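Have the structure open while you read.

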Amino acid sequence: MASFRFQIYILAFCAGLVIQSSCNGHSGIQKKHVALFIFGDSLYDPGNNNYINTKKDFQANWLPYGETFFRYPTGRFSDGRLIPDFIAEYAKLPFIPAYLQPGLKDYTYGVNFASAGAGALIESHQGFVIDLKTQRSQFKRVEKQLRQKLGEVEAYTLLSKAVYLISIGINDYSIPLATNTSHEEYVGWVIGNLTSWIEDVYKKGGRKFGFSSLFPLASVPSRRVIQAGNTGPSREKVTALVKLHNRLLSKVITKLKKDLQGFKYSKLNLYTYANERINHPSKYGFKEGKAACCGSGPYGGINTCGGKRGVTGYKLCNNVTEYVFFDSFHPTERVYEQVSKLWWSHNLKELFEVQAK
């Protein structure tokens, strides 16, 4: 009889809980999944820039963006899903929502703070994007809300088991450098702000990080147009900055692994993976590696995709799956899927399995 009353009590208790997972007690939220928190730029932005006052250059909430998978524009700078979307799928998580999505209140699966055009430096596209410093402030508000909702212990458990992905830096090198600044000093500023972000998240409990080397900026269609017109930084200068950034990033995270107890990371070699597909598209199932599917001008490198950025005319390819680039700057969903699978199988998967110390 006592056992029967206990079962009735458990059923009543479960019925009173309003959570997204099935009832397994109060801590069931954390036991069932590893949360995913995402920071960065347009390679990871799911649509945060839809909700800020900015220029059309930093938004993509119109067709043909989103047409391949979602069938409508979400604000992602691609024809479909981005790397975080695939990683969430592989980790058996729902799509991680944009932080600025109206009505969003549940952060137990994570949230995405990334903003197209953002850099590690505040000065990069200042006033038009959500820079890394502001993304850090948003994360602090989420962390505070989680502590209020779950309590100190459970919130810390969620944050320490969570995985933190970031893609930042490319926009810091796509604008003119500060005058009288060496490459080493400028890249040092960018890496310094990224390191500060890592340490900040670590203090809040974060232990598991996913980093990406920078994309080969000199090889995107828009940069080919700039080079053809002899305006902007040279191909050699841009490549030198990106390669220096990637080298310093590797050094920093290797050192942090030694210095920070429990710090774990996985690094996506996006620079190499992208270069391989740009230079040898047929080897990876593509037909076109240099020109954009959507845009205008040489290589489709003029940023007119969708006709909302001051010029209404643009060209759209017939088969997006044949292209490495969707618009003048960003890859297609198919590229993102390929590199996401490589990253996941390399060692990112382990971060979703290993318990933080």
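1. Start with strand β1 (residues 36-40): in this predicted model, β1 is joined to β2 by 3 bridges, and the two run parallel.

2. Now zoom out to the whole sheet. It is open, with 5 parallel-paired strands in the order β2-β1-β3-β4-β5. β2 (110-112) and β5 (264-268) sit at the edges with a single partner strand each, so one side of each has no neighbour in the sheet. Ignoring direction, neighbouring strands are turned by 20° against each other on average.

3. Next, two helices that lie over these strands. Helix α3 (residues 83-90) lies across β1, β3 (163-167) and β5, and runs at about 170° to β1. Helix α10 (residues 333-351) lies across β3, β4 (208-212) and β5, at about 170° to β5.

4. What about the core? The largest nonpolar core has 93 residues, and Leu36, Phe37, Ile87, Tyr164, Trp197 and Phe352 touch the most other members. Helix α6 gives the most to this core, with 9 residues. Another core, of 12 residues, lies apart from it and includes Tyr65, Phe77, Cys317 and Phe326.

5. Leu36 deserves a click. Beyond its neighbours within four places in sequence, Leu36 has contacts that include Pro84, Ile87, Tyr109, Val111, Val163 and Phe352.

6. Last, a helix pair. α4 (residues 132-150) and α6 (residues 183-203) pack at about 5°, with axes 11 Å apart, which means α4 is roughly parallel to α6. Their contact has 5 nonpolar, 2 polar and 3 charged residues; among them are Phe139 in α4 and Trp197 in α6.

Conventions. Residues are numbered from 1 along each chain as its sequence is written. This is a predicted model: local features need pLDDT of at least 70, side-chain atom pairs count only at pLDDT 80 or more; totals for chains, interfaces and linings use all residues. Side-chain values use heavy atoms; hydrogens and water are left out. Axes are lines fitted to C-alpha atoms, for helices over the stretch in contact, and angles run from 0 to 180 degrees between N-to-C directions. Helices (H or I, at least four residues) and strands (E, at least two) are DSSP runs, numbered from the N terminus. Angles under 35 degrees count as roughly parallel, over 145 as roughly antiparallel, 65 to 115 as roughly perpendicular and the rest as oblique. Contact means heavy atoms within 4.5 Å. Ala, Val, Leu, Ile, Met, Phe, Trp, Tyr, Cys and Pro count as nonpolar, Asp, Glu, Lys and Arg as charged, and the others, Gly among them, as polar. A nonpolar core is a set of buried Ala, Val, Leu, Ile, Met, Phe, Trp, Tyr and Cys residues joined through side-chain atoms within 4.5 Å. Buried means under 20% relative accessible area, exposed over 50%, partly exposed in between (1.4 Å probe, protein chains only). Two strands pair if DSSP finds at least two bridges between them.
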